[in-house]
Amino acid sequence: MPDVPPTVRFRTLLILGAPGSGKGTQGKVLGSIPRFHHLACGDVFRSLDTRTPLGQKFVEYSSRGELVPDDVTVQLWNANVKQRVDSHMFKPEIDFLVLDGIPRNVEQARFMESHIEVLKVFHLSCPDRTELARRLRKRALKDNRFDDANETVIQNRFATYEAETKPILDYYAGDRIVQIDASQPPAKVLYDILAGVMTLDAWKELEKMKI
């Protein structure tokens, strides 16, 4: 198939939810299914080449303990996606891009607008913050990240999500938002996400083409 022109935006599915809602778990599982390519925000920074000018920009901010500005974060993300397209890991002509952890706020969503066509936003909703905190503590202990099990750290993460990330739902407001009960077993959450994907015209077109 011919390369996709750079003016074409990637068909994108966003997984959004508070810390502990299972975004990463669902993203990874979806990414293991043909026609879905998963990219988490953490993957962008972990694979960063600090020898490049863009990588040096990241080092410049992080070495001062400062947050990387939204425009630089999106530039890093875009460079990572381009590498994946060039290496044929991600085939935008037949794959859906699954994002979790980015965009992290409305400003990043605006910067990314020219790169992605957001078809669905799957909001993994769990109003029971006690359950989410339990999951975060369990994960922190499993991964030996004991600082992340601290109650103050957990509550700060919830507050940051409410203030910065959750407003993305208003940015993409409309029938693109799919509310999913994140307190369900992971397999049922995945089932609900796939059910939402299968309503998309873009998915039906791929099905017709037997891709």
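Student: What should I keep in mind about the model before we start?
Tutor: It is a predicted model in which local features need pLDDT of at least 70 and side-chain atom pairs count only at pLDDT 80 or more, whereas totals for chains, interfaces and linings use all residues. Residues are numbered from 1 along each chain as its sequence is written, and side-chain values use heavy atoms, with hydrogens and water left out.

Student: OK, at what angle do α6 and α7 pack?
Tutor: Helix α6 (residues 129–142) and helix α7 (residues 151–165) pack at about 125°, and their axes are 11 Å apart. Helices here are DSSP runs of H or I with at least four residues, numbered from the N terminus, and axes are lines fitted to C-alpha atoms over the stretch in contact, with angles from 0 to 180 degrees between N-to-C directions.

Student: So what do we call that arrangement of α6 and α7?
Tutor: The two helices, α6 and α7, are therefore oblique to each other, since angles under 35 degrees count as roughly parallel, over 145 as roughly antiparallel, 65 to 115 as roughly perpendicular and the rest as oblique.

Student: And which residues meet there?
Tutor: From α6, R129, L132, A133, L136, R137 and R139 meet E151, I154, R157, F158, Y161 and E162 of α7, where contact means heavy atoms within 4.5 Å. By class, this contact of α6 with α7 has 6 nonpolar, no polar and 6 charged residues; Ala, Val, Leu, Ile, Met, Phe, Trp, Tyr, Cys and Pro count as nonpolar, Asp, Glu, Lys and Arg as charged, and the others, Gly among them, as polar.

Student: Switching topic, how many cavities of 30 Å³ or more are there?
Tutor: The search of the whole structure finds 1, a cavity being a set of points on a 1 Å grid over the protein atoms alone where a 1.4 Å probe fits but cannot get out, with lining residues having an atom within 4 Å of a point.

Student: What lines the largest cavity?
Tutor: Its lining consists of L136, R139, A140, R145, D148 and R157, and α6 supplies the largest share, 3 residues. That lining divides into 2 nonpolar, no polar and 4 charged residues.

Student: Last one: where is A202, and what is A202 in contact with?
Tutor: A202 is found in helix α10 (residues 201–208) and, leaving aside neighbours within four places in sequence, is in contact with R11, F96 and L119.

Definitions and conventions:
On a 1 Å grid over the protein atoms alone, a cavity is a set of points where a 1.4 Å probe fits but cannot get out, and a pocket is an open set with protein on both sides within 12 Å along at least five of seven lines; lining residues have an atom within 4 Å of a point. Grid points are joined across faces, edges and corners, and a volume is the space filled by probe spheres set on the points.
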